[in-house]
Amino acid sequence: MEVAISSARASGTHPAPDELSAQQKVEIYRLMFLSRSVDDREVLLKRQQKTFFQISTAGHEALQVGAALALRPGYDWFFPYYRDGALCLALGVTPYDMMLQAAGAATDPASGGRQMPRHWSSRALHIVSTSSSTATQLLHAVGCAEAGRAFSRHPEIAAKAEGDYRAFHDVEFHGDEVALACVGEGSTSQGEFWEAINTASNQKLPVIFCVEDNGYAISVPVEVNTPGGNISRLVANFPNFHFSEIDGNDPVASLRAFQAAAAHCRAGHGPALVHGHCVRLYSHSLSDDDKNYRSASEREADLMCDPIARMRSRLIGEGILTANEIDELERKLEAEAAEAAERALEAPLPTVEGITEHVYSEDLDPTRAAFATEQPQISSEANGAASTAGQGPAAGHKSSGAHTMADLINSCLRDEMRRDPRIVIYGEDVADASRVEALSEAKGKGGVFKLTAGLQTEFGSERVFNSPLAEANIVGRAIGYALRGMKPVVEIQFFDYIWPAMHQIRNELALIRWRSNGTWAAPAVIRVPIGGYLTGGAIYHSQSGESIFTHTPGLRVVFPSNALDANGLLRTAIRCDDPVLFFEHKRLYRETYGRAAYPGPEFAIPFGKAKIVRPGSDLTLVTYGALIPRAMQAAQHAQREHGIETEILDLRTLNPYDWEAIAESVRKTNRVIVAHEDMLSWGYGAEIAARIADELFDELDAPVRRIGAMDTFVAYQPKLEDAILPQPENILKAIVELMAY
Ligand SMILES: Cc1ncc(C[n+]2csc(CCOP(=O)(O)OP(=O)(O)O)c2C)c(N)n1
Ligand SMILES: [Mg+2]
């Protein structure tokens with residue numbers, strides 16, 4: 001039976017569903033019933049307190065088995081959600097794998113005991129690690145499809161390369177692959193659903209969205225989430241889509257719908273959306289009781305639609321199996337689930353020692369010496385970089401040392417794009433012009449700060465392009481690109497607007513490696529202009545907030561203070577195998593302070609290496625970003641007016657940070673100030689100060705002092721901005737006071 005289905009799938013020549021053989025129908029029933037048996041066994045285990053969570057597929061089996069049988073595991077790509085037990089079983093996840101998840105066993109192939117059960121992952125089957133967050137995965141499917149398209153159009157870019165992340169990412173692709181992204185009807189209210197169908201539609205991507213409409217999002221009925229109660233009606237006008245709305249309780253209707261959807265996608269016509277009406281036969285999860293919010297008659301009506309009971313009647317009605325034969329099959333499947341559970345409960349548990357494995361890449365350490373080039377190859381040529389990014393074409397006539405941070409970020413992007421064809425750059429306004437014909441008469445935009453100027457012109461619109469104005473879209477797609485082995489280097493236009501992407505950054509990008517126990521990774525780079533001192537930037541163009549991100553394990557956080565560091569650290573960020581948040585201080589983009597010569601296309605700086613930008617013996621000042629020039633000014637005054645020698649340490653990267661450099665300096669000076677532009681309370685400096693107090697207490701001759709902004713936002717009126725943000729005078733005062741101890 002299984003063989004008949006599998007061979008049809010392998011060859012891609014499915015018989016029309018109406019012509020399904022008896023064996024194929026029995027196989028469909030087998031998969032549906034096996035899924036229910038696993039559910040019921042898991043429910044039992046949870047009630048016996050042998051496991052800790054359960055969320056069922058009951059009622060969704062027909063829709064999911066139809067979807068799985070229309071697609072190809074290990075060939076197409078799958079972005080399921082927690083309700084997709086039957087889908088994953090039909091794709092090849094075993095009942096034992098599922099029971100290992102329930103047990104939280106070390107050998108749980110999805111997460112090694114880190115995630116709840118039914119949070120899927122299988123590299124071999126192309127099932128990408130699932131989170132609990134509703135709808136985030138839809139954007140990953142979009143990015144995945146974009147990456148598949150890029151590899152198919154340019155197969156040469158898939159070639160392995162040594163010396164960067166590419167050495168650790170095997171690329172697989174097929175010209176006619178599709179990505180399946182599943183979601184509950186309630187979760188279609190998330191912005192990410194709309195952001196995903198926007199890009200899939202616009203770019204005609206081969207993504208099949210499956211909306212599993214069971215009428216409830218926990219206790220909230222569909223009409224509350226969806227105006228008019230029907231998602232199909234709302235999405236109907238998106239171009240390039242193939243739509244179908246089906247009875248999700250009928251596996252044959254489902255198979256037919258997904259075959260048609262896949263044919264549309266594989267032919268390159270665009271995405272598809274299959275809206276299946278199904279039933280949720282159990283409560284939302286074992287932590288929920290639907291009797292609290294559903295009427296008895298409604299629940300009974302759902303039971304009458306049970307797709308398993310229906311398929312059973314069909315097999316009997318069509319004379320395919322007798323009731324006795326079905327009973328026999330069901331007993332076998334229940335025994336299979338029970339046996340899988342028993343074995344899984346004996347499996348070894350994860351060790352406490354392994355908890356921190358896979359927070360970051362174990363393959364490529366960005367602090368390693370290989371990222372330290374001996375000397376920059378000093379040259380006045382910024383390698384074609386738009387001088388003061390965007391002000392003109394080549395920067396070849398500048399004298400050595402004259403390049404701004406903006407120039408050297410632009411030239412790093414350009415050099416890396418020349419070196420690594422897997423890099424794509426996108427974000428809001430980053431292209432020179434989406435309507436390329438304009439470029440014959442216009443010089444191009446290239447970012448609101450012009451950091452990406454000229455890149456679309458050199459590398460083409462497939463590699464440098466504008467995104468929709470939607471930050472979750474930018475980061476969510478980057479995850480999809482990165483997990484396929486591409487290198488998205490995306491821009492969030494202003495730090496102040498990173499928040500719509502926060503969910504993707506915190507719950508997806510930063511932890512996909514850890515939660516999948518090292519199976520998946522998304523080493524994307526997010527460049528983010530940050531900070532104030534702009535005179536008029538006000539609240540929404542001056543924010544800092546880096547500690548929110550250094551408080552997120554899995555993310556590297558970089559914050560350069562000058563042109564050369566920005567160039568070398570960005571290169572490491574791009575070559576590295578971890579996701580990197582790359583903060584660029586807007587005020588420093590074109591400052592006279594910190595300009596440098598073009599250091600050549602191989603200049604890199606390892607992460608976690610602070611730099612002493614001013615040596616001193618009396619006091620240590622630990623800081624970064626725009627406070628570096630302000631601290632330098634204060635230190636000069638302190639020396640001139642008070643004879644105090646301040647040592648200034650530029651951290652350069654905030655995660656990892658160079659504890660050894662801090663400790664060494666504090667041991668020498670015995671006095672320390674930690675300063676940053678961001679608000680004082682709960683800021684980045686609190687962690688550093690606490691650690692110094694904890695580990696270097698005996699070395700201190702004075703308390704650890706902190707400097708930061710007032711605990712408020714940055715105001716528009718310059719008089720207020722000056723008072724809110726730390727100024728050289730504040731730093732000078734702190735230096736003098738600390739020396740008085
Ligand atoms: C972003 C986010 N918000 C809230 C939740 C909590 N939550 C989990 S499932 C769920 C309801 C989802 O309903 P629906 O999309 O219809 O899927 P179903 O469970 O019915 O299959 C909610 C609110 C979550 N996991 N993620
Ligand atoms: Mg629902």
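## Charges over rings

In this predicted model, R630 lies over the face of Y533, 3.8 Å from the ring centre.

## Aromatic pairs

Searching the whole structure turns up 24 aromatic pairs. Among them is W77 with W520, an edge-to-face pair with 6.3 Å from centre to centre and 65° between the planes. This pair links distant parts of the chain, 443 residues apart: W77 belongs to strand β1 (residues 77–79), while W520 is in the loop between α18 (512–515) and β11 (525–530). Both W77 and W520 are buried.

F495 and F583 also pair edge-to-face, with centres 5.5 Å apart and planes at 70°. F495 lies in the loop between β10 (487–491) and α17 (502–509) and F583 in strand β13 (residues 580–585), so the pair ties together parts 88 residues apart in sequence. F495 has a relative accessible area of 0%, so it counts as buried, and F583 is likewise buried at 0%. Ring pairs join F495 and F583 with W499, F549, F559, Y624, Y657 and Y684 into a cluster.

## The magnesium site

Which protein atoms are donors of the magnesium ion (ligand 2)? They come from E185 (OE), N214 (OD1) and Y216 (O), and lie 2.1 to 2.2 Å from the ion. Along the sequence the donor residues follow the spacing E-x28-N-x1-Y. E185, in the loop between β2 (179–184) and α7 (191–202), and Y216, in strand β4 (residues 216–217), are 31 residues apart.

Buried means under 20% relative accessible area. E185 is therefore buried, at 1%, and Y216 counts as buried at 11%.

Note on methods
Residues are numbered from 1 along each chain as its sequence is written. Chains are lettered from A and ligands numbered from 1 in the order in which they are written. This is a predicted model: local features need pLDDT of at least 70, side-chain atom pairs count only at pLDDT 80 or more; totals for chains, interfaces and linings use all residues. Side-chain values use heavy atoms; hydrogens and water are left out. Donors are N, O and S atoms within 2.8 Å of the metal (3.2 Å for Na, K and Ca); water is not among the atoms, so sites may look incomplete. Helices (H or I, at least four residues) and strands (E, at least two) are DSSP runs, numbered from the N terminus. Buried means under 20% relative accessible area, exposed over 50%, partly exposed in between (1.4 Å probe, protein chains only). Rings of Phe, Tyr and Trp (its six-membered ring) pair if their centres lie within 6.5 Å; planes under 30 degrees apart count as stacked, over 60 as edge-to-face and the rest as tilted. A charge sits over a ring if NZ of Lys or CZ of Arg is within 6 Å of the ring centre and within 35 degrees of the ring normal.
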